[in-house]
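Please look through the sequence and the model below before reading on. The report starts from one residue and then widens to the whole protein.

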Amino acid sequence: TECISGCVCPEGLFDDGRGGCVEEKDCPCIHNNQWYSSGQKITVDCNTCTCQKGVWSCTDNVCYGTCMIYGSGHYITFDGKFYDFDGNCEYVAIQDFCGDKNSSGSFSIITENVPCGTTGVTCSKAIKMFLGKTELKLENKEYKEIQRDVGDDVVYWNRTVGLYLVIEASNGVMLIWDKKTTVFVKLSPDYKGKVCGLCGNFDDKSNNDFTTRSGLQEPNALKFGNSWKQSPMCPDVTQEIKPCDMKPHRKSWAEKECSIIQSEVFKICHSKVDPAPFYEACVHDACSCDSGGDCECFCSAVAAYAQECTKAEACVFWRTPDIC
């Protein structure tokens, strides 16, 4: 829409929106406020888009979905909804046992959340992954396997990639764990619309991600989160915790440290991934982790943004001897 003919350019040429006149075949394209020349390619998720005459032409591969749980109770669902939930219990992060009681499924992933710091926010301490009859428990930087008597055989393999432990299963489920408080779940497109839990339903619509265990749409993150607890004995979360209000003396330190997300260091990424929710999550975490490990909380929060930048092909070198 930017490339238009009009009274600015000679006959047969188009205003390229940047003060020049070009032939139609040389019209540029825009993506996230950045200009691309005709013929340039960009990667969006697992698809490649090429700029042709001012319009993007993209491949239509169906991509793996990713859900991310990190820091003190931050969730980004498969469909990209960003929300916070601080529950002290075990919760269903994602499973394909949805619908009626007897529905069959092949996997479920449970996150055990515990308080981190004294303000009441919680972090993911352990992950349980059920694959057919195998249960994997990831805790204290390592994982152990428990065999149960019920269920099918699901083959899986694990490897370490940099900081992360990666567990990949033959049923199209992949779990990536940083051995601390960050976990990514990747699902093959076959699961679209067939999963449920705190990670949402993976149907490409973020407005219905808050579907409770009983199948109702819930506008409130707390009620939605409470419905996915594993044990009825756990208390419900009744209010959102604001750690910076409870620890005002930490607030200015948190804002100063987290400002790296909005600084020149990440500038190349700002137009590709909105830094605002990641900055707010970082300040929240830096205020809340007040019983040791405060740098770890800050670093995990910045790493979460860096990870999204890398996915959007904006590689940022932000770690230094002084920072993380």
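In which strand is the place of Asn 47? Asn 47 belongs to strand S6, which covers residues 47-52, and the model in which we find this residue is a predicted one. Buried or exposed, how does Asn 47 count? Because its relative accessibility is 11%, and buried means under 20%, Asn 47 counts as buried. Its side chain makes a polar contact of 2.9 Å with the side chain of Thr 59.

Ser 124 lies in strand S13, made up of residues 122-131, and at 7% relative accessibility it counts as buried. A polar contact of 3.1 Å joins its side chain to that of Thr 111. Leaving out residues up to four places away in sequence, Ser 124 touches Gly 71, Thr 111, Glu 112, Asn 113, Lys 180 and Thr 181. Ile 110 stands 14 residues from Ser 124 along the chain, and the C-alpha atoms of these two residues are separated by 9.9 Å.

Asn 140, although it is not a glycine, has a positive phi of about 50°, and Phe 202, which is not a glycine either, has a positive phi of about 55°. Asn 140 is found in the loop between strand S14 (134-139) and strand S15 (142-147), whereas Phe 202 lies in the loop between strand S19 (183-187) and helix H1 (221-227). Asn 140 counts as exposed, because its relative accessibility is 61% and exposed means over 50%. Phe 202, at 2% relative accessibility, counts as buried.

The table gathers the relative accessibility of these residues.

| Residue | Relative accessibility | Counts as |
|---|---|---|
| Asn 47 | 11% | buried |
| Ser 124 | 7% | buried |
| Asn 140 | 61% | exposed |
| Phe 202 | 2% | buried |

In soluble globular proteins, nonpolar side chains tend to be buried together. Which residues touch the most other members of the largest nonpolar core? In this core of 44 residues, they are Ile 94, Phe 107, Ile 109, Leu 175 and Leu 187. Leaving aside its neighbours within four places in sequence, Leu 175 is in contact with several residues, including Ile 109, Ile 127, Met 129, Leu 138, Phe 184 and Val 185. Apart from this core lies another one, of 35 residues, among them Val 273, Phe 278, Cys 287 and Tyr 305.

For the protein as a whole, the model holds 6 helices and 19 strands, and 48% of its 324 residues count as buried. Its C-alpha atoms fill a box of roughly 75 × 50 × 40 Å along the principal axes. Among contacts between residues at least 6 apart in sequence, 47% join residues at least 24 apart. The accessible surface comes to about 16400 Å², and 50% of it belongs to carbon and sulfur atoms.

Notes
Residues numbered from 1 in each chain as written. Predicted model: local features only at pLDDT ≥ 70, side-chain atom pairs only at ≥ 80, totals over all residues. Heavy atoms only, no water. Helix = DSSP H or I, 4+ residues; strand = E, 2+ residues; numbered from the N terminus. Buried < 20%, exposed > 50% of the residue type's maximum accessible area, 1.4 Å probe, protein only. Contact = heavy atoms within 4.5 Å. Areas by Shrake-Rupley, 256 points an atom, 1.4 Å probe, with all protein chains shown as cover. Core = buried A, V, L, I, M, F, W, Y, C linked by side-chain atoms within 4.5 Å. Polar contact = N/O pair within 3.5 Å; in protein donor to acceptor, adjacent residues only side chain to side chain.
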